[in-house]
Amino acid sequence: MSFPVNRMRRIRRTDPLRALVRETTVEPGDLIFPLFVCAGEGIRKEVSSMPGIYNISVDEAVREAEEAASLGLGGLILFGVTASKDERGTGAWDEYGIVQRALRAIKQSQASKQLVLIADVCLCEYTSHGHCGIVTESKGTFEIDNDATLKLLARAAVSYAKAGADIVAPSDMMDGRVAAIRTALDAEGHSYTPILSYASKFFSAFYGPFREAAGSAPQFGDRRSYQMDGANLREAMREIDLDIEEGADMILMKPAMPYLDVIRAARERVGVPIGAYQVSGEFSMLTAAIQNGWLDHDRAILESLTSIRRAGADFAITYFAKVAAKLLG
Ligand code: PBG
């Protein structure tokens, strides 16, 4: 029995009808806003490739947290921006490191009671070479030393938990880091700190603007030997399985829009909560088109976030979080 008995347009005629049959929703509480925290006071320096996104000092980060809470956002993810770097990325686990200080300051504010504070765990913002792990060299060939890196990541994760992170989120893509972090957290009395692992993180051109924001571009070579090949969906599923086996409480998919099929496949495969990271390049691409008047600001942003939720993500990390919450409000 088809047309004219079936008329799909019957349920699209009015706003209330459309609202009634809408399958996917986006709410402010599903959105996590990234912060790039730097040293100093009263600092708010725009990232040139990310209009409206700033490097901010700790005092400003507290203000951002207050705004995020008042908008009803789900939480914040913190990245450190620092000029003091070394071979091992010591700043990542420094008790007085930039993210540790920001976490303690935000934790003291009222806002933190309504927000989930996530600490990204990686070395690339703190290493002089900009790689996510320890670099070794033999006969002119560089390698990222997986196993030596694990201890450092675990130290960083523990120090963020100690400073007040509600969740730690390793983004380095070393093998075995979830287990290493879980063991270290448990040993240090943080057995209730969840791990959100960037389980399927692809080697992507879309991280370009982030590296300007965080000052974390590799000084030589690239990240292909640890981040995943963008062509591989089955391999992404193995990464996810392994991270969950190692103790990941939640997984993060990244980037989001160019990899919606991977998010969907993950959703159908596993029961753990899934987040998706609408990364810097996705933000910059949309923002550039919006600024040119080529895309409608409100609709393009909400449609992009809806697509991520529809693919199966429970929550999204997005530089549009505050803007979107205002549109949804
Ligand atoms: C750190 C990290 C990166 C991003 C999140 N954590 C950069 C990278 O892997 O090069 C990218 C986020 C974005 O592009 O918005 N390893």
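## Contacts with the ligand

In this predicted model, an oxygen atom of the ligand lies 2.6 Å from an N or O atom in the side chain of Arg211. Ser280 also reaches the ligand: one of its polar side-chain atoms is 2.7 Å from a ligand oxygen atom. Lys254 faces a nitrogen atom of the ligand, with an N or O atom of its side chain 3.4 Å away. A polar contact here is a pair of N or O atoms within 3.5 Å.

The protein covers 100% of the 400 Å² of accessible area that the ligand has on its own (areas by the Shrake-Rupley method with a 1.4 Å probe).

## The shell and the cavity

In total, 20 residues surround the ligand, and the closest are Lys201, Arg211, Lys254, Ser280 and Tyr319 (a residue is near if one of its heavy atoms lies within 4 Å). By class, the shell holds 11 nonpolar, 3 polar and 6 charged residues; Asp, Glu, Lys and Arg count as charged, and Gly is among the polar ones. Strand 9 (196–201) and helix 6 (208–214) each supply at least two residues of this shell. Helices (H or I, at least four residues) and strands (E, at least two) are DSSP runs, numbered from the N terminus.

Where is the ligand? The ligand sits in the largest cavity. On a 1 Å grid over the protein atoms alone, a cavity is a set of points where a 1.4 Å probe fits but cannot get out, and a molecule sits in one if more than half of its atoms lie within 2 Å of its grid points.

## An aromatic pair

The whole structure has 10 aromatic pairs (ring centres within 6.5 Å). In one of them, the ring centres of Phe36 and Phe210 are 5.4 Å apart and the planes meet at 65 degrees, so the pair is edge-to-face (planes over 60 degrees apart). This pair links distant parts of the chain: Phe36 belongs to strand 1 (residues 31–38) and Phe210 to helix 6, 174 residues apart.

## Backbone details

Most residues other than glycine have a negative phi, and most peptide bonds are trans. The bond from Lys254 to Pro255 is cis, with omega about -10 degrees, and Pro255 lies in the loop between strand 10 (250–254) and helix 8 (260–269). Phe3 and Pro4 are also joined by a cis peptide bond, with omega near 10 degrees.

Lys139 has a positive phi, near 50 degrees, and is found in the loop between strand 6 (134–138) and strand 7 (141–145).

## About the numbers

Residues are numbered from 1 along each chain as its sequence is written, and side-chain values use heavy atoms, without hydrogens and water. Local features need pLDDT of at least 70 and side-chain atom pairs count only at pLDDT 80 or more, while totals for chains, interfaces and linings use all residues.

Methods
A polar contact is a pair of N or O atoms within 3.5 Å; within protein, one must be able to donate a hydrogen and the other to accept it, and residues adjacent in sequence count only if both atoms are side-chain atoms. On a 1 Å grid over the protein atoms alone, a cavity is a set of points where a 1.4 Å probe fits but cannot get out, and a pocket is an open set with protein on both sides within 12 Å along at least five of seven lines; lining residues have an atom within 4 Å of a point. Rings of Phe, Tyr and Trp (its six-membered ring) pair if their centres lie within 6.5 Å; planes under 30 degrees apart count as stacked, over 60 as edge-to-face and the rest as tilted.
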